Amino acid sequence: VSVADAHEHALRRIGPVGIAALLEGLPELVATMRDDGPSAASNLALPGFRRADLPWLARVLGRPHLVVERLRRLDRFTFQLAALAAWHGGELRREDAVEAAGPELADELEAAADRIAGHALAERETAWLALLPGVAESLGTPGIPVRDYARQVLTDDLAVLLRNLGVTEVAPRKAERVDQLEAALRDPALVDRALDEVPEPMRRLLELLIAGGGIASLDDVFEDDDRLLGALYASFPIAPRGQRRYGDRTPLHELTERGLLVVDPYADLVFVPLDVQITVQGGLFTSWPVTAEVATAPLEDAGTGQPTVLALLDGLLRRLERTPVDGLKSGGIGVRAVRTLAGHLGLTPAETALLAHLTVELDLLGSIETSRGTATRAPSTIWTTTAFADELREIAPLRRWALLVMAWRDSRTLADDEGLPERVEVGHDETGGDADARRALLDALASLPEGQGVTLDGLVTLADHARPTVEVATGVEGRVAAMRLLGLVPADGPIGLTALGRVLLLEGPDAAARVLPEPPRTFTVQPDHSVIAPPGLDLDVAARLDRYAVRESSAGASVHRLSGSRIAEALDAGEAGEDVLAFLREHSTAEMPQNVEVLVRDVVRRHGRMKVGAAVSYVTADDPVLIVEALALKAAKLRQLAPTVAVSSLSRGKLLLTLAAKGLMPVAEGADGAAISSRQIAEPELHTPGPPVPPVGGLLGTGPPDPGLLDLAHELLHTSPTDTSTSTRGDR
Amino acid sequence: MVAYDNPLIVQSDRTVLLEVASPKAGDARAALARFAELETSPEHIHTYRITPLSLWNAAAADVAAAEVADTLTTYAKYPVPDAILVDIRDEMARYGRLRLVRDFDTGGLALTSDEVALIEEVRRDEEVGGLLGDRLDGNRFAVRMADRGVLKQALLRIGWPPADEAGYVEGATLEVGLRCQLRSYQADAVAGWWADGSPAGGNGVLVLPCGAGKTVIGMAAMAQTGTRTLILATSILAARQWITELLDKTDLDERDIGEYSGQHKQIRAVTVATYQVMTWRPGRSADDLDDHGGEVTEPGAPPHLALFDGQDWGLVVYDEVHLLPAPVFRATARIQATRRLGLTATLVREDGKAHDVFSLIGPKRYDAPWRDLESQGWIAPAICTEVRAGLTDDERMTYAVAPAPSRYRIAATSPRKFDVLDRLVARHADDRVLVIGQYLDQLQEVADRLGAPLVTGRTGQATREERFAAFRDGELPILVVSKVANFSIDLPEANVAIQLSGTFGSRQEEAQRLGRLLRPKADGGTAHFYTVVARDTVDQTYAAKRQRFLTEQGYSYRILDAEETR
């Protein structure tokens, strides 16, 4: 059976629900299948592209990197079962699994086997657990099997090894001798006898090496003992032909000459063959932990209120909508602009950079070229909101939150291995972010009892269990800081999911919205212009308050300060001063202080005395009649400012074309007033790949599968969406 | 679990919000004040901050970490973050693990600890190490008497505040009897400072609004200490008011009290000196003394600082401690064995050195929100009003093209303010009005316009006292004053102040000027504090800064257009 065929059968077996669950963790693959992502095949105009079908998906899933990607989702217990299956040649009998893990874990083993099959890594029809082709190879082994190196050993030397192990009848052919050596080193009686024959210090050395993973550098093990090292390099039997030098015998030869220890002089390594390790340990793994044991503590804040990050997100988008920031020549948003934004939002620069990065990931922010670059100079850009920022406001708050959390969880461009970034980088190579590490942390947190948290070390231990093949310790501080900002874990104290965060991850945003208590909608306006809001202030009220007041702290309750410049921004956005006052009066528990009213009215009085307009392009002519002619062209979208000046909302290039089409023969003018070639004119363009689609199910693949993915799965299987009889959700 | 009736919101950034309308607010405030600093007290919600310093001061006053935790959890509306309780326990546990004690063998001091590792750790700090002398034994290091204050500052900086158990020199005995009854808050303030005579007390700062009787508190502290006392005041006028009060409210007589100023150098059992004479250096004219503070730039130590030494003082009182000049700071670091009392209406220092006041004079021992005393009738209720007058078109153009440094003066001295002034003076025809300003030519013009006498730094001492006396007696209904009247001038009958210009946005100046009005009125009437500002200018910007300060103190603040004063 080919790899692709085996995967196709496996996909049919797990059914539409299983396929949907599988695809939830592979967003980039889904984007390609839907052909709607920026890197979709049709976008890239790939020749011969056709929309993905089940054989295509099976073929892709069989590729080693996607096999590895799925293996990385297995928890330690499940991973060990898969590794055991690989050790047994890809097929595992139930009794072998129970013997390895212990009869008390029989039920857990069944569940783990289902999980492996649910990830389309194995099937359970031809055997209790049969890995699909290619899976065992991707799993690798936790050591070097004796067979791998025995093939490199001279036939005569194999005979010596076998005799030293007590094998009296040595086969004549090399391949048979390799089989004999493997069998001997897997035979506990032979290995025990061999160990009895070696000196005690050497037995101890072997135990230490096995406890340390079975492999070590020569320097680490033997430190600076040159004599010993020299002897090891000359040691039987790995030294290549022609270079064998028999030096003094050392006690180490007692191990190497029995095949219990191997020296690799090229890699400066010493290792205990995996077969020997397993025989000495009594199994492939010494323990089969179903869960990780860490101490928990109650959370400081149960976190049942609305996540404050949504108000911050709204503040960020409104700010950038009104005041775009300059982009870096290398792309992205620089440290200085981030710091300015941070001051405005009342966040640290790192938190601000994270938030801005996620909005870029969600295509809520885009860059616009404001001038074309040259051969030696990059184009100038500004960053502002896209049309989707408005669409986002129409989405239910907790779905917005889910989008933000997903953007963080799945980001492949967020370089957070060394803490939160202090600038927004785009086009960053995709090695910076480790989405698997973030998923591992979320899985680990979801495994904790409700209302409980752990220390940072405890979280690493948990995550290491949840995803043993993922490096979770590196960058964990920054990722926890991100989760605190996102409101998934409390702002302080032990790290555990907030009540709302747990529901979001396990059941989805709609379920979270249902459990959200009625949020407070009042605050206190004081004469010193401060506004004190209780914890969990209604998001809409909080977002509106943020439009008029600077958030000075949000350490539970939030303290805001009404600001003339913020109020002026609100007036810019079309609000009336009376609206501002009405809002404050409606929600304040205390009577509005007179001086606060004066503040608002004073801003209203001063606002708009000077006018600044956005003119994308302008027309100027010495002859006012020409301007009148141009004004007559509706397509030019011109407005007259003075007899010889008019401005247009069209880009300079479009205005030139429009006027030229009517025979007015305009020329383009540069910033210094000199005429420039039309070929130098850049057209500003907003990158708008597509609005974000909020999720409905749990973010950890629990709860009902995403309907869109389920439809896709049905489409692939040519089944009806109402037919779920063959569906399983085997991934957890 | 939310306890809606409780008044506190304990924040993870270590601030504590107190809802004053809560029925439990009074109890919570009393408990909270022992370990948290009051930062702002606007009308509805007061903000306290728990700092390492406030916790160490609480520990020094024998407040246990458990009591602090209990206060927070008992009065909190929402669950208190565990991390805060852990921090409190850890911070308070730091206090007293190092002790500063007498070393009777050398006659000096010793820094000691039961933990040798700790004393080794602090010894490795560059500044602390430089202040420690020989190792006396395993865990004791010699400390010079004169380094006591500096060492405490250095240890505080690295987070290991020592328990100062070296005690005080008692000073020469002087029995002082009070002839007046202390108000309850005055007694509380003195008791908080004295701390039952323990080494943990006997130093520190009492913060009370002007008019709350800080002078009486100073005298009560003298009576409590029973020792020769040096009092430092801001000016010669203030010094003489101290002397008058001492003669009036204690059983001391003229032979017991000396004036140490530019004019007199009397050293007696109670000596009242001015900051100016203490910081005077040879080369400055005697005329400079007592009228102008100014910066001292001449090298060498001011000779009159010697007054601190050799007189066997048992107590030093620093009036208006927020104005303490740098040379006196340094001298104070040397006299940590003498009891110290700082008095002020506001610990705001525009130079940001409030922390130095705490570490050298001692921690804040008492801080009463102004509004509380006002509601109890101890100080007059006050209404703060800002009146905005628009500049004429010509003035606006002059202002617009002026260089930045000149703009405040142009705005602050706008003649458009005079119309407002006239109307306010007319409105308060039956009141006692102080017109206060920064610029002498503006004030002269006002004095001429109103036909009122003017008091500035240039006004002779006798003339000043004569005019203040006439104002007190009601002969003069209006007095025009410069910044010389900011501090310690007792004008209890003044009930209206009209401020035309000030030292930019100085908050302490605002507090002091308002303070002129806060002494309770015989008729229980309300005081009015007007600030006239030029609209849409930097004058208004500075006023906004002062507005915030006053509202944070709990004063209601109205803003009127000049037309509304008609």
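This is a predicted model: local features need pLDDT of at least 70, side-chain atom pairs count only at pLDDT 80 or more; totals for chains, interfaces and linings use all residues.
Residues are numbered from 1 along each chain as its sequence is written, with chains lettered from A and ligands numbered from 1 in the order in which they are written. Local features need pLDDT of at least 70, side-chain atom pairs count only at pLDDT 80 or more, and totals for chains, interfaces and linings use all residues, while side-chain values use heavy atoms, leaving out hydrogens and water.

Zero disulfides (pairs of cysteine sulfur atoms within 2.5 Å) occur over all chains. Cys384(B) is buried, at 1% relative accessibility. Cys180(B) is partly exposed, at 24%. Here buried means under 20% relative accessible area, exposed over 50%, and partly exposed in between, with a 1.4 Å probe and protein chains only.

Asp192(A) lies in helix α12 of chain A, residues 188–197. Helices are DSSP runs of H or I, at least four residues long, numbered from the N terminus. The relative accessible area of Asp192(A) is 45%, so this residue is partly exposed. Leu165(A) is 27 residues away in sequence, with a C-alpha to C-alpha distance of 9.9 Å from Asp192(A).

Met202(A), Leu205(A), Leu206(A), Leu209(A) and Ile210(A) are buried in α13(A). They lie on the same side of α13(A) because their arc around the axis is only 135°, taken from the directions from the helix axis to the C-beta atoms. Pro201(A) and Ala211(A) are exposed on the other side. Gly213(A) follows α13(A) and has a positive phi, near 110°.

Key. Helices (H or I, at least four residues) and strands (E, at least two) are DSSP runs, numbered from the N terminus.
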